[in-house]
Amino acid sequence: MANDASAAFDTLSPAVFKGSLADPFTPPADSSLWRKNFLLGAATASYQIEGAVDEDGRLPSIWDTFSATPGKVLAGDTGAVACDHYHRWEADIDMLASLGLEGYRLSIAWPRVMDAAGRPNRKGLDFYKRLLNRLKEKGITSFVTLYHWDLPQHLEDRGGWLNRDTAYRFADYTDLMSRELAGTVDAWATLNEPWCSAYLGYGNGHHAPGLANDRFATQAMHHLLLAHGLAIPVLRGNDPASQKGIVANIGRGTANSDSAADQRAAHLFEVQHNAWILDPLLKGEYPQDLFELWPGTEPLVLDGDMRTIAAPLDFLGINYYFRTNVASDGAHGFCDVPLEGVERTQMGWEVYPDGLRDLLTGFKKTYHNLPPIYITENGMASDDKVIDGHVDDTQRISFLKRHLAAVDQAIKAGVDVRGYFLWSLMDNFEWAFGYERRFGVVHVDYSTQKRTVKRSAELVAKFLKERKARV
């Protein structure tokens, strides 16, 4: 098919990927990726890489509590040590720079920078100041996420995101961070993937804090988005030169058949995964179809909340990983119908780059005030192993080039996409899956903390060097 993202580079068998590619990464000459101002970087998150959970005044987070609860995380893994980035950050930033990556998206651990009374923790703040200053020295653009799921446990003990007060505590935290770090951050993201925080944390219990109630999910989402809306003017006041935005994960839903019921199911899937977040941000309202899925779960919304949530954005971060095929559940929702014979990753997720292009172009049509977009996460997990000092992650190389081709197609269709961050810089604690699933372009031996650059990272570095030479 002419508009298939795979066709821009190569077409693979619809089985689990096997094999190698002769020219495994370099984009075509007319690709938007060759643009000087298209930012290409890598991303991480604090709890997934830092470790040092009991050091220098850091308080417990909900993920410390959740991962220490038997049966919640695969193999009983926790983020207590992770990639030991708290102690190895200088070498990790040097590694990032050596790959030629132009941007680094990181998150701040809220429990590391404030005590329970809201007072600053200087040792925690100094860690991020040193890190951000090193990025500036290296000429690397910094994207800083304020909340990547590690809520302080003392706030969860008071209701967490079910408690409206947490949104105001987030604004206080934002005020501290943006005053302390003003001038060192190029772009601030308030939240990472509020869908995951609300639904996985409060709706089905698969993530911290492990609660499971649809009504909890919609109320938690409202308070998360309110926190975002309260934070935006604080960021604008304290650090006016930086960009301000939010990061949303999006999902492509396709129908299992042409029947009206299955088509409606696919629509409802995308309402739940996309419009639930984007409509409040860009339209100032919740999609009513959401409450067809979850009748009677409308959140408590106070006067002025939706105006606060819909504060103008400088950018929208988009995280994309896979497509879900769905059918009607015969009631008011949808059920997953996994497709046979498709390429999948170690997570079991289908590799479907067209979904990224389709969603981006669809958002441009739906939201007339769609801000500039950065792909803030895209990547895949594979069972990578170091053999003779090398990691040949062939499937990841193909995955990345096909998804970058999809981004290029979206740009050529008029979507303002300004950059792309690989997920992830290095293997790390993959939440409820512990350390089994490897998303990094750098391999981490957790027993020794040795970093090994994978073939995918080598090829990205080669491309960036070639692009720099062209400018």
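Me: In which sense do E5 and E6 pair, parallel or antiparallel, and over how many bridges?
Reply: E5 and E6 run in the parallel sense, and ten bridges hold the pairing. Bear in mind that this is a predicted model.

Me: Got it. Which residue in E6 does Asn249 stand opposite?
Reply: Asn249 faces Asn319 in E6.

Me: What about E6 and E8, how many bridges join them?
Reply: Four bridges join E6 to strand E8, residues 373–378, and these two run parallel. Within that pairing, Gly317 stands opposite Tyr374 in E8.

Me: And E7, does that run parallel or antiparallel to E6?
Reply: Antiparallel, with three bridges joining E6 to E7. One of the facing pairs there is Ala327 opposite Cys335 in E7.

Me: Which residue in the hairpin of E6 and E7 takes a positive phi?
Reply: Gly330 does, with a phi near 80 degrees. The hairpin has five residues between the strands.

Me: Why is E6 described as largely enclosed?
Reply: Twelve of the 14 residues of E6 are buried, so the rest of the structure largely encloses it.

Me: What covers the buried residues of H8?
Reply: The cover includes three strands, E3 (141–147), E4 (187–192) and E5 (243–255). It also includes helix H6 (153–156), helix H9 (214–238) and helix H10 (260–283).

Me: What happens just after H8?
Reply: Gly205 takes a positive phi of about 80 degrees there.

Me: OK, pockets now. What volume does the largest pocket have?
Reply: About 1100 Å³. Its lining is made of 43 residues, and those nearest the centre are Trp195, Leu200, His273, Phe322 and Trp349. Trp195 and Leu200 are the buried H8 residues I mentioned.

Me: Which element gives the most to the lining of the largest pocket?
Reply: E6, with seven residues. H8, E5, H10 and E7 each supply at least two, as E6 does.

Me: How many nonpolar, polar and charged residues are in the lining of the largest pocket?
Reply: There are 21 nonpolar, 14 polar and eight charged residues.

Me: How much space lies in the second largest pocket?
Reply: About 390 Å³. The second largest pocket is lined by 18 residues, with Gly100, Leu101, Glu102, Leu464 and Lys468 nearest its centre.

Me: Which helices supply at least two residues each to the lining of the second largest pocket?
Reply: Helix H3 (85–98) and helix H15 (455–470) do. H15 gives the most, with five residues. By class, that lining has eight nonpolar, four polar and six charged residues.

Me: Last topic, the largest nonpolar core. Which residues touch the most other members?
Reply: Trp63, Tyr104, Trp161, Phe170 and Trp276, out of 129 residues in the largest nonpolar core. H9 gives the most to this core, with ten residues.

Me: What does Phe170 touch, leaving out residues up to four places away in sequence?
Reply: Phe170 touches Trp110, Leu146, Tyr147, Trp161, Thr190, Leu191, Ala227 and Ala231.

Technical notes. Residues numbered from 1 in each chain as written. Predicted model: local features only at pLDDT ≥ 70, side-chain atom pairs only at ≥ 80, totals over all residues. Heavy atoms only, no water. Buried < 20%, exposed > 50% of the residue type's maximum accessible area, 1.4 Å probe, protein only. Contact = heavy atoms within 4.5 Å. 1 Å grid on protein atoms, 1.4 Å probe; cavity = no way out; pocket = protein on both sides within 12 Å on 5 of 7 lines; lining within 4 Å. Points joined across faces, edges and corners; volume = space filled by probe spheres on them. Nonpolar A, V, L, I, M, F, W, Y, C, P; charged D, E, K, R; others polar. Pairing = 2+ DSSP bridges. Core = buried A, V, L, I, M, F, W, Y, C linked by side-chain atoms within 4.5 Å.
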